[in-house]
Amino acid sequence: MASLDRVKVLVLGDSGVGKSSLVHLLCQNQVLGNPSWTVGCSVDVRVHDYKEGTPEERTYYIELWDVGGSVGCASSVKSTRAVFYNSVNGIILVHDLTNKKSSQNLYRWSLEALNRDLVPTGVLVTNGDYDREQFADNQIPLLVIGTKLDQINETKRHEVLTRTAFLAEDFNAEEINLVIEKRYFLREGNQIPGLPDRKRFGGGTLKSLHYD
Amino acid sequence: MSFLVDSSIMFTSQIFFFGFGWLFFMHQLFKDYEVRQYVVQVIFSVTFAFSCTMFELIIFEILGVLNSSSRYFHWKMNLFIILLILVFMVPFYTGYFIVSNIRLLHKQRLLFSCLLWLTFMYFFWKLGDPFPILSPKHGILSIEQLISRVGVIGVTLMALLSGFGAVNCPYTYMSYFLRNVTEADILTLERRLLQTMDMIISKKKRMAVARRTIFQRGEVHEKPSGFWGMIRSVTVSVPGSENLTLIQQEVDALEELSRQLFLETADLYATKERIEYSKTFKGKYFNFLGYFFSIYCVWKIFMATINIIFDRVGKTDPVTRGIEITVNYLGIQFDVKFWSQHISFILVGIIIVTSIRGLLITLTKFFYAISSSKSSNVIVLLLAQIMGMYFVSSVLLIRMSMPLEYRTIITEVLGELQFNFYHRWFDVIFLVSALSSILFLYLAHKQAPEKHMTP
């Protein structure tokens with residue numbers, strides 16, 4: 001057990017976008033049957049074989065910290081949430097493809113999470129406006145996931161996907177668009193690509209995955 | 001000619017109110033959501049616009065603006081439209097959106113929403129039976145029947161809100177009730193929270209590893225099927241899965257604990273902020289206001305009790321009473337007619353503005369607390385319904401605060417309602433609400449510091 005190192009990944013996003021379903025999917029390889037509101041933070045653990053099949057193979061525990069709440073709530077709740085943002089190795093930003101506001105709020109979510117680490121260096125961000133400079137020297141890998149792809153009409157899919165591609169580029173993050181459906185399935189968990197495994201991500205490549 | 005001018009004035013003001021309701025909806029209520037059904041936004045703004053127009057007509061009545069007959073006409077029309085909205089449109093659309101959320105009934109949405117609306121009408125009608133609100137000489141579908149029932153619901157809401165508000169306001173303003181919270185308290189709680197999260201993580205790690213080993217051996221131990229398989233599974237159980245259920249139960253308990261710790265920490269942060277705020281100038285001002293409001297609240301409760309016990313309803317309004325007192329006892333002579341008009345305008349104006357503002361703020365708070373992305377449409381419609389009923393009954397009750405000569409139009413338009421009943425009903429519900437809020441706040445206040453005093 002001692003050889004399994006800790007990797008802490010935050011899962012952030014607006015209320016109701018599907019973070020708990022996503023975390024449940026990644027860790028238990030099952031679809032969450034009855035999602036309910038997350039109060040505070042719920043954690044789940046995924047065992048991941050880094051560089052599987054090579055001599056450098058190591059097994060890591062990836063802790064997915066699913067932080068609940070909305071980005072505009074009382075500052076007392078924000079201060080309480082800040083206690084979860086310590087020593088983070090990666091951030092997954094989740095937004096709902098059917099709700100434009102949730103993707104706009106991602107900027108504020110990432111600022112909230114990253115500011116926690118910027119404060120010791122004396123950089124004080126006073127306004128919540130998005131500024132690409134702030135993400136330029138960000139060392140923490142970001143992944144943007146868009147959910148509920150199946151609920152968008154076939155005709156509108158293209159424009160939605162192009163909009164989210166711009167979003168991912170702005171963050172300098174990699175992007176995945178998913179469908180988390182309520183059908184039972186059984187899948188080998190190791191095949192999910194793009195999970196943060198301590199490498200830096202670059203570019204804005206677009207991937208569309210379906211779990212059938 | 002003057003009728004046209006008056007109507008155009010009314011119309012422009014209605015457009016203005018509509019725009020205000022629209023902006024409020026977009027920027028306050030639906031801040032975090034995307035508006036997909038514009039019907040909801042339109043209905044909300046329309047309800048708001050027509051409610052505000054009613055208040056505007058009262059103000060015009062006092063100030064004597066516009067022609068008297070056109071005022072009367074607009075009153076009737078406005079009332080008619082608002083009743084139409086509150087009794088027909090909003091309940092129907094609420095039912096429609098509720099039904100749309102349920103997947104099973106998606107195909108026959110219209111049918112089921114009509115059914116829902118009919119059940120609503122049935123209960124709405126039944127509401128009028130136990131109350132002595134009408135004389136039987138009115139027809140079935142007259143305005144009086146509808147208004148009386150809407151009035152009952154609205155007055156109940158008003159009394160509940162103002163009872164709770166009267167007690168809660170001094171409680172939040174005054175710093176006497178603030179619990180003492182130090183940095184150390186918060187840090188201890190945060191540490192406990194993180195420790196609980198770590199414990200959850202270590203248990204989940206064990207579960208994940210156990211699941212992986214089971215899965216890797218999984219081909220052999222498949223889920224037993226058939227009759228003999230069931231018998232076998234009773235005696236020979238896979239050891240891994242037993243451990244898993246045990247650990248899962250521990251994890252559930254720990255997760256519940258972490259949720260509670262999170263809420264407590266948020267509570268402590270909020271209290272600490274309030275302590276900081278109370279040291280500022282604004283905080284001190286509110287603290288002083290709090291004392292003033294607590295006296296006002298006690299006086300109101302006292303008056304409500306007196307009214308109920310001695311079964312009296314105030315005959316004169318505060319404006320005339322005040323003027324009488326100043327003229328008779330203090331001997332100050334001034335032009336009664338002129339001043340009574342202006343003072344009642346100011347008084348009624350203040351009442352209207354504060355009640356609109358208070359209601360909108362309360363509605364926004366409720367909306368943030370209970371809405372989710374699925375139910376936001378339904379909740380906004382319910383809020384629009386509450387808002388409309390609230391404003392209609394405000395008109396009923398505001399009649400008491402106006403001098404006699406201005407009351408006539410409300411009495412004329414609303415018909416022969418038993419206004420005294422509504423005031424009595426308001427007093428009763430206000431008393432009940434205020435007393436139970438005091439009890440509730442007392443219990444909540446008692447329970448909280450004991451939790452933090454345990455080492």
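**View 1. Burial and fold of chain B.** Of the 455 residues in chain B of this predicted model, 42% are buried, meaning under 20% relative accessible area, with exposed set at over 50% and partly exposed in between (1.4 Å probe, protein chains only). Its secondary structure comes to 14 helices and zero strands, where helices (H or I, at least four residues) and strands (E, at least two) are DSSP runs numbered from the N terminus. Read along the sequence, the pattern is α-α-α-α-α-α-α-α-α-α-α-α-α-α. Take the contacts in chain B between residues at least 6 apart in sequence: 80% of these join residues at least 24 apart, a contact being heavy atoms within 4.5 Å. The accessible surface of chain B is about 25,900 Å², and 68% of that belongs to carbon and sulfur atoms; such areas come from the Shrake-Rupley method with a 1.4 Å probe, and for residues only the protein chains shown count as cover.

**View 2. A glycine in helix H5 of chain B.** Here we look at Gly154(B), placed in helix H5 (residues 143-173) of chain B. Gly154(B) counts as buried because its relative accessibility is 0%. Beyond residues up to four places away in sequence, Gly154(B) touches Met389(B) and Ser393(B). Gly388(B) is 234 residues from Gly154(B) in sequence, yet the C-alpha to C-alpha distance is 8.4 Å.

**View 3. Where chain A meets chain B.** The contact takes 33 residues from chain A and 34 residues from chain B. The size of an interface is often given as the accessible area lost when the parts come together. For chain A and chain B this buried area is about 3,000 Å², with carbon and sulfur atoms giving 59%; the value is the accessible area (1.4 Å probe) that two parts lose on being put together, summed over both.

**View 4. The salt bridge between the chains.** The count between chain A and chain B is one salt bridge, defined as a side-chain nitrogen of Lys or Arg within 4 Å of a carboxyl oxygen of Asp or Glu. Lys204(B) and Asp44(A) form a salt bridge, with 3.8 Å between the closest N and O atoms. On the side of chain A that touches chain B, the elements giving two or more residues are helix H1 (19-28), strand S2 (41-50), strand S3 (58-67), helix H2 (75-81) and helix H3 (100-118).

**Notes to the views.** Residues are numbered from 1 along each chain as its sequence is written, and chains are lettered from A and ligands numbered from 1 in the order in which they are written. In this predicted model, local features need pLDDT of at least 70, side-chain atom pairs count only at pLDDT 80 or more, and totals for chains, interfaces and linings use all residues, while side-chain values use heavy atoms, with hydrogens and water left out.
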